[in-house]
Amino acid sequence: MIKRLMTAFARRKNPDFQLDPALSGAAMLSFAWGRLWWFIRGKKLWFFGKKAPMLFLGPRVRFFHLANMQFGRFVQIHEGAYLSALGKGKLSLGDNVNVGAYSRVVISQTFHDLGSHIRIGDRVGLGDFAHLGGAGGLEIGDDCIIGAYLSCHPENHIYADPEVPIRLQGVSRQGIKIGSNCWIGAKVTILDGVEIGEHCVIAAGAVVTKSMPAHSIIGGVPARVIKSIAAGRQAAAQAEVSIS
């Protein structure tokens, strides 16, 4: 029974999911028992008038300005995460989103100049210790898989006047957009004004300072396009033709 339930749940993200035959019954039971408590924690949001169907909350998850958040179905937020929806727009999590442990998803960190919004699409897996800001707006497309310590900063400080402290010169905001079906490695940093096309791979540790086209493999500091995934597919097809 537990095996069937776990498989059905996982197939909401991956229709081809199969449990590993080596997975023990004890491990499955322990996982199911833990997720039952996560589900019970998620129900506490109903007491605050927030509709959050099938929300699973780990221990010590904290929210600020809950009224400005939207949750899809089967969202999981792991232990120690902090979500703040203080902003002009909403903080929105799509269906089957997974927020890693100790992540910070924060639209605004100031009360005098509220940030824009954060929108995370369906079936996005966000690794542990992520730091996502929404000052200029942050959008992550569907089906993205993201390693630990992703850092997104859709805001820059103005520093042109050497006679005035930088902290008093204000900020510029353009926003960040990440297309669907991207794989972002661990410890990637994405700066303001960047738009990443769909189906991109970003190598671990990259610092992305400018926009990148779709179907690209990206890496380096500062990041650059290493090669095109589409070009690689065409080369493989040509190789198959020449071999045959």
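I began with the contacts in the chain, where contact means heavy atoms within 4.5 Å. Among those between residues at least 6 apart in sequence, 28% join residues at least 24 apart.

A note to myself on the source: this is a predicted model, where local features need pLDDT of at least 70, side-chain atom pairs count only at pLDDT 80 or more, and totals for chains, interfaces and linings use all residues. Residues are numbered from 1 along each chain as its sequence is written, and side-chain values use heavy atoms, with hydrogens and water left out.

Next I looked up the overall make-up. I found three helices and 24 strands in the chain; helices (H or I, at least four residues) and strands (E, at least two) are DSSP runs, numbered from the N terminus. The C-alpha atoms fill a box of roughly 70 × 65 × 25 Å along the principal axes.

Then I checked burial. Buried means under 20% relative accessible area, exposed over 50%, and partly exposed in between, with a 1.4 Å probe and protein chains only. By that count, 40% of the 244 residues are buried.

On to I176, which I found in strand β17 (residues 176-178). Buried or exposed, I wondered about I176? I176 is buried, because its relative accessible area is 1%. Leaving aside neighbours within four places in sequence, I176 has contacts that include G137, L138, E139, C152 and H153, as well as I190, L191 and V194. I also looked at D122: I176 and D122 are 54 residues apart in sequence and 18 Å apart in space, C-alpha to C-alpha.

S216 came next, in strand β23 (residues 216-219). S216 counts as buried because its relative accessibility is 2%. Not counting residues up to four places away in sequence, S216 touches H199, C200, V201, V225, K227 and I229.

W33 counts as exposed because its relative accessibility is 52%. W33, L36, W37 and I40 make a nonpolar surface patch of about 430 Å². For such a patch, residues need over 30% relative accessible area and no salt bridge, and nonpolar side chains (Val, Leu, Ile, Met, Phe, Trp, Tyr) are joined within 5 Å. A salt bridge is a side-chain nitrogen of Lys or Arg within 4 Å of a carboxyl oxygen of Asp or Glu.

Last, I noted the surface total: the chain exposes about 13300 Å², and carbon and sulfur atoms supply 59% of it. The areas come from the Shrake-Rupley method with a 1.4 Å probe.

Conventions
Patch = residues over 30% accessible without salt bridge, like charges linked within 9 Å, V, L, I, M, F, W, Y side chains within 5 Å.
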